Amino acid sequence: MIIPGNRMLMVILLCQVLLGESSYASLISEEGKKKVSAHHLAQSHDLLLDFEATLLQMFGLQRRPRPSNSAVVPQYLLDLYRLQSGELEDAAGHDVSFDYPERSTSRANTVRGFHHEEHMEELQADGSWQTPLRFLFNLSNIPEDELISSAELRLYRQQIDDASSDPQHTGDEGLHRINIYEVLKPPRAGQIITQLLDTRLVRHNSSRWESFDVGPAVLRWTRDKLSNHGLAVEVVHLNQTPRQQGRHVRVSRSLHPVPSEDWDQFRPLLVTFGHDGKSHPLTRRTKRSPKQRGRKRNRNCRRHALYVDFSDVGWNDWIVAPPGYQAFYCNGECPFPLADHLNSTNHAIVQTLVNSVNTNIPKACCVPTELSAISMLYLDETDRVVLKNYQEMVVEGCGCR
């Protein structure tokens, strides 16, 4: 019997899968093997590209990110992801007192981190704080449909050497005020026109991150399309003693061609909180306990394990966390009569009842009835770090519908 061409190709490919390439080699000529192999590889490549394109579109990305070697993930966003997803409690060595921004995240499903554009800024040669330092942040990659609800500037304030043991650091001594301004016009002749955004009175006997509200400026740049001339930081010394003259709060900043090793994690960071209108806001979660499953196995509609590993599609270089996730899927029969535990609708009960007497009407289908979101921390096409909430990614319950 002669098998048509398409069916012959299916037989050959099936042999390849079941027996391995070496086992079916004798079935076809060398020339035929090359054609089949090329066709198979091309088809697999096209499917992979379609799969990748669909996922990227779902994630709101125009193209696959290709992170550079210099891309840095700020610890703040990593801790924010871990706390938001319920993982930080299990991470040894991390600050359990991490301040979760409840107010900011309650209205946002997307958090973006921006390091300042140091190469575009004019630095003072001696790093003096006699005039404010200017920081520029490129926010052009924020999508137009993403509404910014709040934004903060995070500065790492370094302790002055031996300040904690200085006997003169009592009362109002050793206090500094940090002022944050919006730069309204391009600087000229070393002079800048500014508008105060936020201010903080701090002591210089400890090292810690300070957060400042810069939401009004960011809203003007993104929503109102006004020119972005950056932010200015000023430190004002209060009640200095002679011993303290010349000492100041040192906000991390690279003033040299080769920054220190920890510069990447302590450089100024602008964080925006926005919403694209496509999913629920980020919410702080506790880690979920795995659901207990009965030992008895049956064919009825139920949830099955399905782990999606991002390394399988080569995305582990730009997806920071999670490395993959348990998506689950629904499968199984919806038998007549439908039991209560199958979570059926009245329509599904009627449809199954009709199917029992008329097989031309299909049975109800086993489908997801409850879905939940996951958060992803990733590097976008411009090496910016994004924390985003994606809706309906995990099956929580199945039923007959």
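Q: Is W209 buried, partly exposed or exposed, and what is its relative accessible area?
A: Buried means under 20% relative accessible area and exposed means over 50%. In this predicted model, W209 comes out at 24%, so it counts as partly exposed.

Q: Which aromatic residue pairs with W209, and how are the rings arranged?
A: Planes under 30 degrees apart count as stacked. W209 and F266 are at 25 degrees, with 6.3 Å centre to centre, and the pair is stacked. The pair joins distant parts of the chain: W209 sits in strand β6 and F266 in helix α7, 57 residues apart. F266 is partly exposed too, at 23%.

Q: Which residues have the most contacts inside the largest nonpolar core?
A: Here's the general idea: in soluble globular proteins, nonpolar side chains tend to be buried together. The largest core here has 30 residues, and F59, W315, W318, M376 and Y378 have the most contacts inside it. Strand β16 gives the most to this core, with seven residues.

Q: Where does G399 lie, and what does it touch?
A: Contact means heavy atoms within 4.5 Å. G399 lies in strand β16, and its contacts beyond four places away in sequence include C301, L342 and V367. With 0% relative accessibility, G399 counts as buried.

Note on methods. Residues numbered from 1 in each chain as written. Predicted model: local features only at pLDDT ≥ 70, side-chain atom pairs only at ≥ 80, totals over all residues. Heavy atoms only, no water. Helix = DSSP H or I, 4+ residues; strand = E, 2+ residues; numbered from the N terminus. Buried < 20%, exposed > 50% of the residue type's maximum accessible area, 1.4 Å probe, protein only. Core = buried A, V, L, I, M, F, W, Y, C linked by side-chain atoms within 4.5 Å. Phe/Tyr/Trp six-rings, centres within 6.5 Å; stacked < 30°, edge-to-face > 60°.
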